[in-house]
Amino acid sequence: MGRRKKPATTHGIAVVDKPAGVTSHDVVAMLRRRFDERQVGHGGTLDPSATGVLVVAVGKATKLLRFVEKTSKAYVGEIVFGAETNTLDADGEVTVTHEMGKIDLAAAQAAVDDRLLGDIEQVQPMVSAIKIDGKRLHELAREGVEVERPPRPVTIHSFQLMPTDEAHVLLAAVECSSGTYVRTLAADLGHLLGGGAHLRNLRRTAVGRFTLGEAAPPDECTLLPVEAAVRTLDRVDLPQHLADLVANGRVLPAWEGEGPWAAFGPDGALLAVYERYGATEAKPMVVVPQT
């Protein structure tokens, strides 16, 4: 008979400034040890060499990670023109070199504005955590296997290029939808300019409304309240008679707007997240345990 899991006793959201050289899973393991809690997960993988905002949920906050994962992301990084790598970033081996000379900032920005803004389709890199037929792409890549990856729709809200002290390197600031690979944007821009490129020094500056301003290293980050996970959602405050129905997963009359809505009880506790159900009602997506 298996050992029963110990109920979670520590709950909240940690905004971590992930250091380079560790995986997102490593950060989760660090916080499991630090908070002595097994129920821990993160809201969006960062590559081992990348740094910046990694939102980690602890305890019952893990039920709300989907509302963190689906928010927009912001990054800064350097695009190095003239060399392609097998990982599309500086961690990989150089596979092709190009003589591109000094990069014209105006021409590069024009290419971005014309082809890499708004709703686009992106082929995900082989070295990534996406699963194809139940196996992660990076696992297949280590085995020397390359599989066809169907393009996926992503949205690039902004993509601004800036000069650096190196003629063949541009600084990029990107705001994009969840699921976007900035290293793929870098590689695509290199091709658009008639050569190739890869990404280095990627830093995530924001995940939704979680920013570097409140982030700290894994051993220093504070634990925010559980309701921080739904800070981007519309809030509704329920009277006691409706709050009593939420624990049973009851459908309620919809509120103004399209939802989802974060429903709070009279005592200020987050009770559930509701989504629209038909024309006039709302049903729970997640009910948050109150004990």
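Which residues are buried in α5? Let's work through that one, then turn to α1. Keep in mind that this is a predicted model.

So, α5. This helix covers residues 182-192. The buried residues here are Val-182, Arg-183, Thr-184, Leu-185, Ala-186, Ala-187, Leu-189 and Gly-190.

Just past the end of α5 comes Gly-194. Its phi is positive, about 85 degrees.

Now α1, residues 24-35. Start with the length. At 1.5 Å a residue, its 12 residues should span 16 Å. The C-alpha atoms at its ends lie 17 Å apart, which agrees.

Next, the buried residues of α1. They are Ser-24, Val-27, Val-28, Leu-31 and Phe-35. Look down the helix axis: these residues fall within an arc of 100 degrees, so they line one face of α1. Turn to the other side. There, His-25 and Arg-33 are exposed.

And what covers the buried residues of α1? The cover includes four strands: β1 (12-18), β2 (40-42), β3 (51-58) and β14 (223-224).

One last stop. After α1 comes Asp-36. Its phi is positive too, near 55 degrees.

Terms used. Residues are numbered from 1 along each chain as its sequence is written. This is a predicted model: local features need pLDDT of at least 70, side-chain atom pairs count only at pLDDT 80 or more; totals for chains, interfaces and linings use all residues. Side-chain values use heavy atoms; hydrogens and water are left out. Buried means under 20% relative accessible area, exposed over 50%, partly exposed in between (1.4 Å probe, protein chains only). Helices (H or I, at least four residues) and strands (E, at least two) are DSSP runs, numbered from the N terminus. The expected span of a helix is 1.5 Å times one less than its number of residues. The arc is that of the directions from the helix axis to the C-beta atoms. Contact means heavy atoms within 4.5 Å.
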